[in-house]
Amino acid sequence: MSEVETVRVQDIPEGATIVDVREDYEWEAGHVEGALHVPLNTLPLRFEELDPDEDLYIICRTGGRSWQASQWLVGQGYSAINVAGGMDEWFEAGRPMVAEGSETPRVL
């Protein structure tokens, strides 16, 4: 099994492709603007929507699901990087977020 690279939120480069693997209700409450939403349970069906030649920064709430997704994607030949601390760390760092509708973005 391939080694999965892990980075902290502050180490994600500007303009990086972020893939959020959280559930729909978590995404709707708050997410990174411009991120791609591919819930973990749909990843085996939807991974071909992702660019295998691009570094993909995989995020969830705290880093567990994103690590699983990153490990699986790396096994499929993708360049997937786990974001440790996930959306909890993103929020704590004061990084911008958006929510669906008129709600104030939050992390569930």
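Predicted model: local features only at pLDDT ≥ 70, side-chain atom pairs only at ≥ 80, totals over all residues.
Trainee: Why is Asp20 called buried?

Mentor: Asp20 has 1% relative accessibility. Buried means under 20%, so Asp20 counts as buried. Asp20 is found in strand 2, which covers residues 17-20.

Trainee: What makes the pairing of Asp20 with Arg22 a polar contact?

Mentor: The side chains of Asp20 and Arg22 are paired at 2.8 Å. The cut-off for N or O atoms is within 3.5 Å, with one able to donate a hydrogen and the other to accept it. The pair is therefore listed as a polar contact.

Trainee: Which residues is Asp20 in contact with, leaving aside neighbours within four places in sequence?

Mentor: Among them are Trp27, His31, His37, Ile59 and Met87. Contact here requires heavy atoms within 4.5 Å.

Trainee: Why is Gly34 called exposed?

Mentor: The relative accessibility of Gly34 is 68%. Exposed means over 50%, so Gly34 counts as exposed. Gly34 is placed in the loop between helix 1 (24-29) and strand 3 (36-37).

Trainee: How far is Gly34 from Pro44?

Mentor: Their C-alpha atoms are separated by 22 Å, while the two residues are 10 apart along the chain.

Trainee: What lines the largest pocket?

Mentor: Gly34 is one of the lining residues, and others include Ile12, Glu14, Trp90 and Arg95. By class, the lining has 7 nonpolar, 2 polar and 3 charged residues. Glu and Arg count as charged, whereas Gly counts as polar. The pocket holds about 160 Å³ of space.

Trainee: Which domain feature does UniProt place at residues 12-99?

Mentor: The unreviewed UniProt entry gives "domain: Rhodanese" there. Over residues 12-99 the chain is 33% helix and 19% strand.

Definitions and conventions:
Residues numbered from 1 in each chain as written. Heavy atoms only, no water. Helix = DSSP H or I, 4+ residues; strand = E, 2+ residues; numbered from the N terminus. Buried < 20%, exposed > 50% of the residue type's maximum accessible area, 1.4 Å probe, protein only. UniProt positions renumbered as here; feature names shortened; annotations may be inferred. 1 Å grid on protein atoms, 1.4 Å probe; cavity = no way out; pocket = protein on both sides within 12 Å on 5 of 7 lines; lining within 4 Å. Points joined across faces, edges and corners; volume = space filled by probe spheres on them.
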